[in-house]
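Good morning, and thank you for coming.

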Amino acid sequence: MTGRLNWMVLPALIIFLVFAILPLAGVLLLSFTDWDGIGAIGFAGIENWLRAFGDPTMYQALWLTFVIMALSWLIQTPISLLLGTFTAGSQKYRALLAVLYFLPLLLSSAAVAIAYKALLDPNFGLAAGLHMPILAQDWLGQPQLALGVVIFVVSWQFVPFHTLIYQGGVRQIPKSLYEAASIDGAGRVKQFFFITVPQLKYTIITSSTLMVVGAVTYFDMIFVITGGGPGNATRNLALDMYLTGFKANQMGQASVTAVILVVLGLGLALWLQRLGGKDKNGSQLEGM
């Protein structure tokens, strides 16, 4: 039986090798070359790495990546947790609301970015349509406002996905826990903080891992909304990799950024998994 299972796993391993391991190895090799994406590939040694770690733009992009990651996590996690808990109820209207909450995730990131870019136009957007001068801000022309817009749009689109994760987690919690808490006189607020949140420990870790790793690779939405501007105010690592490789035609240095992204994402994912302890792969209902 074990031999048959090994053969069944083989196709997945081959696909993983071809589409994951080999491209990563190729990017790592390219990081030691001097290539403009068209001509001959020349060996550059560690020159690209020295140039990357000596470039202030790369450090700014790295810092901005962490800022977007942290702020989007702080916004998405509590909203997703509350919405997931709310939509996990058995009332029919909650099922309808769950469908409405999920709609933003069905839209293309590029389409969402184009829509928000048009809505935030100070001359032809919401400000002009609703006759509200307070909305007539240069949303994408000021660094702090542009960064806030990016974080808001990212959170708006991906909160539904994490809401669905928390909804499934809440529905796995035995109702007997809430019944016992009600008998002891605990209200809904206490039940949420002392039953729901602790029982969702592994769900929170899984959701946070997806949020954090996803935030590291945000590209299309930022590219369409701001293009990294104004200046470099919204130029994160993923966008910096694209601009370096396909705009400046420095594929070797762009590959260095790609390797840094992979290492960063993998390191953050492993760190978050360690927060779950040795039983991080176990069920949240174990021991009950």
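How much space lies in the largest pocket? The answer is about 770 Å³. This is a predicted model, in which local features need pLDDT of at least 70 and side-chain atom pairs count only at pLDDT 80 or more, while totals for chains, interfaces and linings use all residues. Residues are numbered from 1 along each chain as its sequence is written, and side-chain values use heavy atoms, leaving out hydrogens and water.

A pocket, on a 1 Å grid over the protein atoms alone, is an open set of points where a 1.4 Å probe fits, with protein on both sides within 12 Å along at least five of seven lines; lining residues have an atom within 4 Å of a point. A volume is the space filled by probe spheres set on the points, which are joined across faces, edges and corners.

The largest pocket is lined by 19 residues, and T85, G89, R94, V170 and Y178 are the closest to its centre. Helices here are DSSP runs (H or I, at least four residues), numbered from the N terminus. Helix α9 (188–199) gives the largest share of this lining, five residues. By class, the lining has eight nonpolar, six polar and five charged residues. Ala, Val, Leu, Ile, Met, Phe, Trp, Tyr, Cys and Pro count as nonpolar, Asp, Glu, Lys and Arg as charged, and the others, Gly among them, as polar.

The second largest pocket holds about 160 Å³ of space. Among the residues lining this pocket are I75, Y101, F152 and W156. Here α7 supplies the largest share, seven residues. The lining of the second largest pocket has 10 nonpolar, two polar and no charged residues.

Let us turn to the helix pair. The axes of α3 (residues 56–87) and α10 come within 9 Å and cross at roughly 145 degrees. Axes are lines fitted to C-alpha atoms, for helices over the stretch in contact, and angles run from 0 to 180 degrees between N-to-C directions. Contact means heavy atoms within 4.5 Å. The residues that make this contact include W73 of α3 and M211 of α10.

Finally, consider S207, which lies in α10 (residues 201–216). Is S207 buried or exposed? S207 counts as buried because its relative accessibility is 0%; buried means under 20% relative accessible area, exposed over 50%, and partly exposed in between (1.4 Å probe, protein chains only). Leaving aside neighbours within four places in sequence, S207 is in contact with H162 and Y166.

Definitions and conventions
Helices (H or I, at least four residues) and strands (E, at least two) are DSSP runs, numbered from the N terminus.
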